[in-house]
Amino acid sequence: MAPSSTITVDTVPLTPSAFAPFGTVLISPLSSATTTPPTPPPRGSISANQGTALKFPDIAPVTSIYHTSPSGALAKPSMSLFSCFARALRTSNGRQIFDVKVLERHPFTTQTFIPLATSSPSSSVTTSTTKSIIIVAPTLPTPPPPPPSPPNLTPYSPQLQSKQGGPPDLKNLKAFMAEPGMGVTYGVGTWHAPMVVVGGRVDFVVVQHVSGRGDEDCQEVDVQGVEVVVEGAERAKL
């Protein structure tokens, strides 16, 4: 899908409030200077492990609504490891640009990315410059089914006509810069780009539900004419 003109989106810092329409930000509520358990425990936490740890319960939803899918197939929890490598950026007017080519959604499950580690390609690049760009978009209303397409035209994608709404709203696409150590949970059916990393490699534990049924697990659309301006990130090799 392509807009009538190029859409340019600036990256902004990833914060819980800014990301709230799309999901949940995973970030420690403690400062890096906190090296012993606070007394009393901070609001929302529980003292654990004989007073040597703090537990913050239910920091993000782990949701499956596969029972509402067309097949009604059972889904199982899945935990995977994704090693995400630095994406290529292009230079335009002195700016580093990432071109969005694909958006996807998981219509019946949340999907959580938990960073494990970062690495850089050389000693001149520190892991603090290895960051993730979280690209998300609202969902447009479900489009009505068009008349049957002639044989020589690409047919309408019926998977985009669902209770989860229609295609992504590219005009309101957002891009967030995640600092090292920050994770996210995408809400059920949230349109997002496959994980974008700049400056090095980031390993993520990814948690979601899967049924093994193609479009019920993941739906994708091709995107043209959408660019994200990467500010404050290490320049990737072109």
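Reader: How many salt bridges does the structure hold?
Author: Five, in a model that is predicted.

Reader: Which residues are linked in a network?
Author: Arg90, Arg95, Asp99 and Glu227.

Reader: Take Asp99. What does Asp99 form a salt bridge with?
Author: Arg90. The closest N and O atoms are 2.6 Å apart. Asp99 is partly exposed, at 25% relative accessible area. Arg90 is partly exposed too, at 32%.

Reader: And Glu227 with Arg90, what's the N to O distance?
Author: 2.6 Å. Glu227 sits in strand β17 (residues 226–230) and Arg90 in strand β6 (residues 90–92), so this bridge ties together parts 137 residues apart in sequence.

Reader: Is Glu227 buried or exposed?
Author: Buried, because its relative accessible area is 9% and the cut-off is under 20%.

Reader: What about Glu227 and Arg95, how far apart are the closest N and O atoms?
Author: 4.0 Å. Arg95 is in strand β7 (residues 95–99) and Glu227 in strand β17, so the pair joins parts 132 residues apart in sequence. Arg95 counts as partly exposed, at 28% relative accessibility.

Reader: OK, rings now. How many aromatic pairs does the structure hold?
Author: Eight. One of them is Phe19 with Phe176, an edge-to-face pair. Their centres are 5.7 Å apart, with 85 degrees between the planes.

Reader: Where do those two sit in the chain?
Author: Phe19 is in helix α1 (residues 16–19) and Phe176 in strand β11 (residues 174–178). The pair links distant parts of the chain, 157 residues apart.

Reader: Buried or exposed, those two?
Author: Phe19 is buried, at 0% relative accessibility. Phe176 is buried as well, at 3%.

Reader: Next, Phe82 and Phe113. What's the geometry of that pair?
Author: Edge-to-face, 6.2 Å centre to centre, with 65 degrees between the planes. Phe82 belongs to strand β5 (residues 76–84) and Phe113 to strand β9 (residues 111–119). They are 31 residues apart, and this pair also links distant parts of the chain.

Reader: Why call Phe113 buried and Phe82 partly exposed?
Author: Phe113 has 5% relative accessibility, so it counts as buried. Phe82 has a relative accessible area of 39%, so it is partly exposed.

Reader: Last one. Which residues do ring pairs link into a cluster?
Author: Phe19, Phe22, Phe82, Phe113, Phe176, Tyr186 and Phe204.

How values were computed. Residues numbered from 1 in each chain as written. Predicted model: local features only at pLDDT ≥ 70, side-chain atom pairs only at ≥ 80, totals over all residues. Heavy atoms only, no water. Phe/Tyr/Trp six-rings, centres within 6.5 Å; stacked < 30°, edge-to-face > 60°. Helix = DSSP H or I, 4+ residues; strand = E, 2+ residues; numbered from the N terminus. Buried < 20%, exposed > 50% of the residue type's maximum accessible area, 1.4 Å probe, protein only. Salt bridge = Lys/Arg side-chain N within 4 Å of Asp/Glu carboxyl O.
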